[in-house]
Amino acid sequence: MEVRVGERLLCLAVLSSVFCVDSVFGKYVKGIVNTKEDWVFLTRFCFLTDLGRLDFRFRYPKSRCCQNILLYFDDSSQWPAVYKRPEKNCYQKEAVLRPENNQVINLTTRYTWSGCVVEGDGNEEVLSCVGGRSFRSVRERWWYIALSKCGGDGLQLEYEMKLTNGQSFWTQHFSADEFGILETDITFLVIFSMVFLLSCYFAYNLKGRQLLHTTYKMFMTAAGVEVLSLLFHCVYWGLYARDGVGNGSLKILGKLLFSVSFLVFLLMLILLGKGFTVTRARISHSGSVKLSIYMTVYTITYVILFIYEAEFFDPGEVLYAYDSPAGYGLMGLQLLAYVWFCYAVLISLKHYPEKQPFYIPFFTTYTLWFFAVPVMALIANFGIPRWAREKIVNGIQLGIHLYAHFVFLVITRPSAANKNFPYHVRTSQIGILLSSPKGDAGGECFPHHAYGNSSFLGDSQPNFTELFSIQSEPVKTVEETVARKGPEVPRNSEQKIITTAADLTSILPPPPPPIPPRPAARSPPVPPRLPSFTEYFSMQSGGGGGGFGSKA
C-alpha cells in the first residue's frame, strides 16, 4: 500500500519526456537547395574572436549562375535587420553587408577567393567551388550563412560546410556558445555519481533499520537517472568533439532522462510535503486524484514544450526552450506546485509539530529550489547574451539539480547526530497501521513520535527495539488501571496506594514445616568443591533420600 501512489504517479513522470527532441545542427553541414526564392538561410555558427574557420564545397549548374554566399553576424544592423523582414527585398538584404569585411562570396570563376572552377557533369557544365574563410571579431559572435541570387529565376545549390574553432579537441567542433559543456558535464557526472553511491550506502543502513521508505527510493531513482543522463550527454559530446557529428540519439536520450529525473524529484517533494512516509502511510483518495491530475497536466505541458521546440523553433534564431508559450506554462506550473508544497508542509506541521526539525530546513531549502528554475529561465531569456547562453544555462541547471540532491542526502542521512532525520515508523509497521481497526482515516496516519534515529545504535548496527510494535496511545498509570478494573484500595495521607502494610496471612497458605537436619552419622563426607563450574557435573535428587553424583 505504501508504494501504490509513488508507482502510479511515477509512470506519468516518465511519459513527460517522450518528445524531448532538440534540433541539433552539426558542424558538418550539407544539403541541397532547390527553390524559386532568391534568398534563403542555410546555417549558423558561433565563432571565436580569431580562430573561427569555414571550409566549404559548393556545386551548382553553370546555367544557374551567378549565386552568392552571404555572411551575416549578430549585430542589430545585420542579421536581425534582414531575417524575417518581408518588407525587404533581396537587394536590400544584401545592402546591409560590408564589402570591406569580405562578407560576400561570389560563386563565380571571376572571384578568385571562391575557388570556383568549371567541371563537366555529363552533358551539363557545373561550377565547383572549394575554399575557406577565416573569421575575426572583437568578441564571440553568431554568424549566419545565407544564399542569394537577386533578380534571378530561383536558387539551386549542393553545399557542404565544415565550421570549426581552432584545433583543440575541446574546441575544434564546438560552437563558441558550447565551450565548456563537455568539461562541465564530466565534472557533474563525477559529483552525481558520488551522491548516488552515498545514497546507496545510506539506503543499505536504512534497510537494516527498516526505514527504507518509498520517498527515499524515489530520491535514489532521481539521482540514478540523473547519472545516466549525464553519462549519455558526456558520450554524445565526446563523440562530437572527435568527429563534429556525434550521435543525436544519445543527446535525445540524455534529455529524456534529465526530464524524468526532474519530474521524479518534484513528485517526491510534493509527497514529502504532504507527509507521505513521514507522518502518514498513504495519501488520501482525494489527494491521489489531485496529484494525478497535476502530474498529467505537467506531463502534457512538457510534451507540448518539446513538440513546440522541435517543430516551431526557427533555426535562424537563437532560442531557449523556455522562450515559448509552453515554457512559460511550465514556469507557472512550477509556481503552482510551490503553493501546493507550502500548504502541504503547513498542514503537516500543524498536526505533527514535533517534525519541525525536519520540515523547517526542508521547506526553507526547497523554497529556493522552486524559485530557482523560473528565475533561471527568465535570466536565460532576457539577461544572458545569446553567444554565451547555452554553456551558462547548462552549468546553472546542473548546479540547481546538484543543490537539490545534495541537501536531501544530508537531511536524510541515517546518523544519530542528524537531528533532521524525517522517518520514525518502520517499513514493517506500515501494514499494521493500514490494517488497524481505526479505519482508513486513522490508519493512514502515523503515531506521534519525533525521530527514528533517537535510538540508533550505530551506523552499521540495526535497532530492533520498535520493530514490530507501535505505541499509538499513552500508557495508563497504576491508578487508572486500578480505578477501572479493581475495587477501591486503601491510600495513605499522600493519596498513594498502600502496597506493603496489607495483612496477607488470610490469603496466602501457611508455610511448609522446616525439614529436620539429617543425622551426621548417616551423612557421607562432603566432597571437596572444584574452584569453578559448581554443580556442573552433578544432579541433586529431591525428597528425603540421599543425593548421589552421576559420573559424566
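Asp74 counts as buried, at 18% relative accessibility, where buried means under 20% relative accessible area, exposed over 50%, and partly exposed in between (1.4 Å probe, protein chains only). The model is predicted, so that local features need pLDDT of at least 70 and side-chain atom pairs count only at pLDDT 80 or more, while totals for chains, interfaces and linings use all residues. Residues are numbered from 1 along each chain as its sequence is written, and side-chain values use heavy atoms, with hydrogens and water left out.

The side chain of Asp74 meets that of Arg139 in a salt bridge (3.4 Å, N to O), a term that stands for a side-chain nitrogen of Lys or Arg within 4 Å of a carboxyl oxygen of Asp or Glu. This pair links distant parts of the chain, 65 residues apart, with Asp74 in the loop between E4 and helix H2 (79-82) and Arg139 in the loop between strand E7 (124-135) and E8; helices (H or I, at least four residues) and strands (E, at least two) are DSSP runs, numbered from the N terminus. Arg139 is partly exposed, at 27% relative accessibility.

The structure holds eight salt bridges, among them these:

| Pair | Closest N to O distance |
|---|---|
| Arg64 and Asp153 | 3.8 Å |

Arg64 lies in the loop between strand E3 (52-61) and strand E4 (68-73), and Asp153 in the loop between strand E8 (141-148) and strand E9 (155-165), so the pair ties together parts that are 89 residues apart in sequence. Arg64 is buried at 15% relative accessibility, whereas Asp153 is partly exposed at 48%. Salt bridges link Arg64, Lys149 and Asp153 in a network.
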